[in-house]
Amino acid sequence: MGRSIIIIGAGVIGLDVAFLLAERGYGSHITIVAEHLPGDTSLNYTSPWAGANFSAISGGDANALRWDKFGYKQMMKLSEEHGVEACISKTPSYEYWDEAPPSTKVESMAEYLHDFRILPKTDVPKGCSFGVTFTTITVNAPRYIQYLYRTLKEKHGVSFVREKLSDVRSAFSSPSTKVVFNCTGNGARSLQGVQDKRCYPTRGQILLTRAPHIAKNVMRHGKDYETYIIPRPQSNGNVILGGYMQKGVSTGDTSASESESIIKRTTTLLPELLTSGMEVLAAFSGLRPSREGGARVERTSIQLGDSKSGILVHNYGAGGTGFQAGFGMSQEAISTVEDVLSGLPRCRSRL
């Protein structure tokens, strides 16, 4: 780990930090240290289980609005330049609310989302009070993080170390380390030196189905539930159906009754799922890395002994919004250490 920049965690947030830094020429200075790497399927490795897409599921606070805006622009750019290889795609989206969202949320979305339009009441499903349509980004989550992993290694010279750190101070073991980014998600609750008791898992269950005739993203935001249909790019017609948002539940088991509920809710929301046949391939559950008070993006100082201290930047707690807010969160995390980065030489990519 003898490099200037250490990132703990190889979920989408840690990979986003590395990607933004690498695009600026700092790739050869970066080592990512993680228990799990893209390609793994552990319950404790959240990113591969995600839907995933850009949606209005995020909050209406200033942080969420800002992170979403940056993330959307970054993902749109990536889809235009590397969509096929990154397994992300521009997709028509329709989102509905049982109760109308805050006006600040809608106004913010209208500012930057492509093709944004508020739907007339006649086009909103029964039981919903508000709806919008826009061009979203849908993501083949496991293949997308593998794309980031390959790009970081092969193009930018980022080093990866498979290791579980029990103490965040271990990341400062090399005297050459100038900054550590803590992107441990659910692990932030137990990681020594952090032990953030505000962190908790939010369990979700999804169904992986095959329905190649579905080419749009559809979501319904309820008061205490989420229902969504997300076509998965570059997957031979697979579609993700969900879901659940179970705060504080940490089991990885899947439930037949929950699968039945997902099928009932999604086919009611989008009857087209059944018109040309839909095959259920598998059920999965995952644990979103949530945090009371919202995600933590913060530069801190940590004592390392012998009157020495290290620069530690926290970047975790995105809950179910890691794929859409990750770039925005990571950009802000990076901005806190511009003084450190200014002292590092930049390198050209390998390709």
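In this predicted model, Leu65, Asp68, Lys69, Tyr72 and Lys73 of helix α2 are in contact with Thr104, Lys105, Ser108, Glu111 and Tyr112 of helix α3. Sorted by class, this α2–α3 contact comprises three nonpolar, two polar and five charged residues. An open sheet of six strands with mixed pairing is also present.

**The α2–α3 pair**
- Helix α2 spans residues 62-86 and helix α3 spans residues 103-112; they pack at an angle of about 20°, and their axes lie 11 Å apart.
- Because angles under 35 degrees count as roughly parallel, α2 is roughly parallel to α3.

**The six-stranded sheet**
- The strand order is β6-β2-β1-β7-β15-β14.
- Strands β6 (159-162) and β14 (296-305) form the edges, each pairing on one side only.
- From one strand to the next, the twist averages 25°.
- Strands β1 (residues 5-8) and β7 (residues 179-182) run parallel and are joined by four bridges.
- Within β7, Val180 stands opposite Ile6.

**Helices on the sheet**
- Helix α1 (residues 12-23) packs on the sheet, where it touches β1, β2 (30-34), β6, β7 and β15 (308-316).
- The direction of α1 makes about 175° with that of β2.
- Helix α7 (residues 322-335) lies across β7, β14 and β15, and runs at about 160° to β15.

**Annotated region**
- An unreviewed UniProt entry carries the annotation "domain: FAD dependent oxidoreductase" for residues 5-332.
- Over residues 5-332, the chain is 28% helix and 31% strand, with the end C-alpha atoms 16 Å apart.

Technical notes: Residues are numbered from 1 along each chain as its sequence is written. This is a predicted model: local features need pLDDT of at least 70, side-chain atom pairs count only at pLDDT 80 or more; totals for chains, interfaces and linings use all residues. Side-chain values use heavy atoms; hydrogens and water are left out. Two strands pair if DSSP finds at least two bridges between them. Helices (H or I, at least four residues) and strands (E, at least two) are DSSP runs, numbered from the N terminus. Axes are lines fitted to C-alpha atoms, for helices over the stretch in contact, and angles run from 0 to 180 degrees between N-to-C directions. Contact means heavy atoms within 4.5 Å. UniProt positions are given in the numbering used here, feature names are shortened, and annotations may be inferred rather than shown by experiment. Angles under 35 degrees count as roughly parallel, over 145 as roughly antiparallel, 65 to 115 as roughly perpendicular and the rest as oblique. Ala, Val, Leu, Ile, Met, Phe, Trp, Tyr, Cys and Pro count as nonpolar, Asp, Glu, Lys and Arg as charged, and the others, Gly among them, as polar.
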